[in-house]
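Hi everyone, thanks for making time. Please have a look at the sequence and the model on the screen, and then I'll walk you through a few parts.

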Amino acid sequence: MRFGVALLDAYLEFLAVRSRPNTVAAVAYDLKVFFTVVGKSPRRVVAADVLAFVTAQYAGGPARRVQAVGDGAGVSARTVRRRLSSVSGLFGFLQARGDVAANPVPRGLPTRRERQRPRQGVPLVRASRTLPRILEPGQVDALLAALRTHRDRAMAEAMLLGGLRRCEVLGLRLADLQVPARRVFIAEGKGGHQRQIPVSGRFFASVAAYLDSERPPDAGTDRVFVVLKGPRRGCRCRPQAWIRSSTQPAAGPDWRRRPATSCGTPA
């Protein structure tokens with residue numbers, strides 16, 4: 001992704017060398033949100049602009065996508081903190097190159113004890129630590145029953161029963177399925193880490209049904225999960241396309257607006 005702004009494009013090129021593609025895409029989006037709201041070039045941004053951006057994100061405004069839990073106004077504290085981290089990384093890079101004199105993103109807010117304890121300020125964004133909301137067995141069965149194909153059911157079971165991330169599920173290859181050991185090999189996990197994950201036999205049963213009756217025999221990829229219909233039949237699944245096609249008709253038109261749930265495993 002390129003912005004057409006020399007300083008931003010230089011940072012993304014630098015980031016692409018040392019980070020995963022998903023990280024680069026997330027940082028690029030965060031920077032797009034920031035500069036859409038601030039409306040200034042990188043060299044003109046000051047700390048007041050950053051603080052105004054934080055306020056605007058909490059209150060709601062331009063480029064708002066992710067809603068805060070229980071609040072329809074702005075984004076969540078975790079989202080704001082992540083976006084500030086992306087912005088701080090950009091200005092740290094620009095400061096190291098000599099393009100800007102200082103990083104305008106404050107580390108925190110000063111307190112009355114600042115004189116006695118330097119750098120002991122209040123965090124600029126304080127995010128609460130919450131526990132995952134665990135699905136009951138009946139809710140898991142209802143979720144899986146809403147899925148229309150063995151493919152979708154197997155993909156959901158990999159996340160529910162094995163704790164795989166969405167990108168890890170879509171990245172599974174046929175050689176990664178270790179059926180006798182009831183394990184799957186994650187070749188490209190988050191941060192580029194590899195690992196082996198034990199998964200319930202229920203997942204492998206759904207995969208077997210999918211391979212026997214649904215997966216096109218002439219699929220042009222070794223990815224486990226492929227597109228079943230349309231012009232891209234037999235090609236690897238894309239994340240957003242799978243979300244649109246999996247549960248919306250069966251679960252109802254308002255399924256996207258329901259609170260997010262977790263099975264208690266890493267997302």
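**Confidence, then a few strands**

A word on the ground rules. This is a predicted model, with local features needing pLDDT of at least 70 and side-chain atom pairs counting only at pLDDT 80 or more, while totals for chains, interfaces and linings use all residues. Residues are numbered from 1 along each chain as its sequence is written, and side-chain values use heavy atoms, leaving out hydrogens and water.

Over the protein chain, the mean pLDDT is 81, and 78% of residues reach 70 or more. Which elements have the lowest and highest means? Helix 10 (residues 248-251) is lowest at 46, and helix 8 (residues 201-213) is highest at 95. Helices here are DSSP runs of H or I, at least four residues, and strands are runs of E, at least two, numbered from the N terminus.

Now to strand 4, residues 183-186. Strand 4 runs antiparallel to strand 5 (residues 195-198), joined by four bridges, with Phe185 opposite Gln196. Strands pair if DSSP finds at least two bridges between them. Strand 3 (residues 177-178) is joined to strand 4 by two, also antiparallel.

Key: pLDDT = per-residue confidence, 0-100.
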